[in-house]
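Colleague: Could you show me the model, so that we can go through it together?
Modeller: Of course, here it is.

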Amino acid sequence: AQPCHKPPPCTPDRARRDNSRPMSLLPHQLELLAPARNADIGIEAINHGADAVYIGGPAFGARATAGNALADLERLIAHAHRFHSRIFITLNTILRDDELEDARRMAWQVYEAGADALIVQDMGLLQLDLPPIQLHASTQTDIRTPEKARFLQDVGFSQIVPARELDLAQIAAIRDALQPSTTIEFFVHGALCVAYSGQCFISHAHTGRSANRGDCNQACRLPYEVLDAQGRILAHEKHVLSMKDNNQSNNLRALIGAGVRSFKIEGRYKDMGYVKNITAHYRKLLDEIVEEGEFTRAASGRTTFSFTPDPDQNFNREFTDYFVQGRQIDIGAFDTPKTPGRAIGWVTQIGPAGDKWFELEVSDKTTQLHNGDGLCYYDLQKELVGIHVNRAECVHAKKGIWRIFPKDALTSFKDLRKGLEINRNRDMAWNRTLEKKSSDRRIGLWASFSETPDGFALTLTDEDGFTGHAHIAQPHQAATDAAQAEATLREQLGRFGTTIFAAHDIALQLSQPWFVPASALNQLRRDAVAALESARAQGLARLPRATPVQPPVPFPEDTLTYLANVFNHQAHDFYVKHGVKVIDAAYESKEEEGEVSLMITKHCVRFSMSLCPKQAKGVVGVKGTIKAEPLQLINGKEKLKLVFDCKPCEMHVVGKMKKSVLHQHERQMHEQPLQFYRTRPAKNKVASSADI
């Protein structure tokens, strides 16, 4: 008889959750939260180690062209829930009055599809008959203070996203203001909006497209001339509002120490390769922390990869950790909003006139170039020039010399010359690797095979403590070769390759060696796996909806400007209920026609250009000569003013709404009146039903 190898009484993963009740993240759980543009990308995010995925529903997500049908969401949810990973639906635009009912209906639809949480910006939704689904406060709610965070917790949000501009001490202050049951989620990777989220109106002022409604035109990525108060040009054609990309790879432990438990990757517009690679990158980093023993994964299973994750392989504007470790001077991607890639070598020779090639010496002689690669370099004006490789030929392997035949004529490449450093920003071999299956996520289990009076039984116990049991009637037939019989049992019972499970151990509890046909063992294993999956599905409790504090807690302020983004009457009533006395309408209501702050940002152009009065403080011969006077940004006919609020160390981008946007709005209202919150009578009374 073989000894019975039972699962350990309590492994870290089995201690992950109390299966008897629903809950949010526990203090020792770390959640990796990945983006998904569609269900297929979401499924691969789960396969590459995501504990949760956020994705747009059929409408009202903060990415106008990233909606998903309910059938696709159901497919993603079913796959995620096998690993007890969660699916969060973005319902995080501000809404007009005439959109609220559709949003309410959609909330119920995604809840019935199995979604685990709604990510919300508009407080008007909290006034509606929503399903009992958990609510998460979007980054668009602009959480910068402990008071704002505590308020959102007290009105019913279970997970909040503080502003990306906060440092570790500010995040820790928010943690100290919250109950342990409220999870802090923080962006750790991806593109950075230069404005505080929810506090940018440039797109709407210039084009009528609202960032708060998922339709930003990214004016922050444009090149600008910077002029001082005397009209002198301080910078020419620089992308002074364009930030590098966020990368907190080196700060994860510090963020955990500050209270972050959900680590969010930006990128609901990104492609499959990006989501696979970046999810795998942070999965590996978080797993290193988990293996130290203090923390556990928020979902089940361990993930292995067929590639080495590398954030540099995806589109990026170079990286910054932004303000997490305090204000840094090198946070901007001022030269180009494009991806410069990684330096790989230098131009050694340019083909004679009429030839269509140049030669490149790679710095790492093992580097391989491929047809279809993307190369680039900076010209003499620091503009990025791209090269599409039509053909790459290795000329001298030991010296690392490659001959490059571009798709376009050599004469089209400005300032291409000998000695020029060349970067690669697209590696076709890497892309092809991620087009294939590139990960394997498995939930560990212990198997116990035993004999019964009329046959055999198999019990599977997984890392979370769930069990699946199966029995098969089968005559007991003594084995003629004991060693071979045991080997066959273990081989057949251990074949979990097509499932989501992997065996830690297979225990045989037998009175003597038995011969059992492979067909019977396979059926027994399949039945036990089905039973285990069923037990896991039944044991997955829905996340709870937090109960708002009663009586309603007061909002930290009693006056709200257009910056509060109140665009419907339900949002107005919500704030009235919470003690606000004066409530202006959202910028999208077209009531702020004069100059206002179109963007509020922690980024300071003066600081980045070493023109900050605080930088000059104490410098001999400079002290007192630099003042925080306004600057001007010019892009073509567009003019914006930069105003500096030095006490909180913030910059305001000031401008006003274009007349063309106002005229377009008036035409639209005449053709199809819309209902939304306003504080002033509608022009020509074309939408009197929207007046208060």
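Modeller: Let us begin with Thr 145, which is found in the loop between strand E5 (134-137) and helix H4 (146-154); helices (H or I, at least four residues) and strands (E, at least two) are DSSP runs, numbered from the N terminus.

Colleague: Where do these numbers come from?
Modeller: Residues are numbered from 1 along each chain as its sequence is written, and side-chain values use heavy atoms, with hydrogens and water left out. This is a predicted model, in which local features need pLDDT of at least 70 and side-chain atom pairs count only at pLDDT 80 or more, while totals for chains, interfaces and linings use all residues.

Colleague: What lies 3.1 Å from a polar atom of its side chain?
Modeller: That is the backbone nitrogen of Lys 148.

Colleague: And how far is Thr 145 from Ala 177 in space?
Modeller: Their C-alpha atoms are 9.5 Å apart, although 32 residues separate Thr 145 and Ala 177 in sequence.

Colleague: Changing topic, how many helices and strands does the protein have?
Modeller: There are 15 helices and 32 strands in the protein.

Colleague: How much of the protein is buried?
Modeller: Of the 692 residues in the protein, 55% are buried.

Colleague: And what box do the C-alpha atoms fill?
Modeller: Taken along the principal axes, the box is roughly 100 × 80 × 55 Å.

Key. Buried < 20%, exposed > 50% of the residue type's maximum accessible area, 1.4 Å probe, protein only. Polar contact = N/O pair within 3.5 Å; in protein donor to acceptor, adjacent residues only side chain to side chain.
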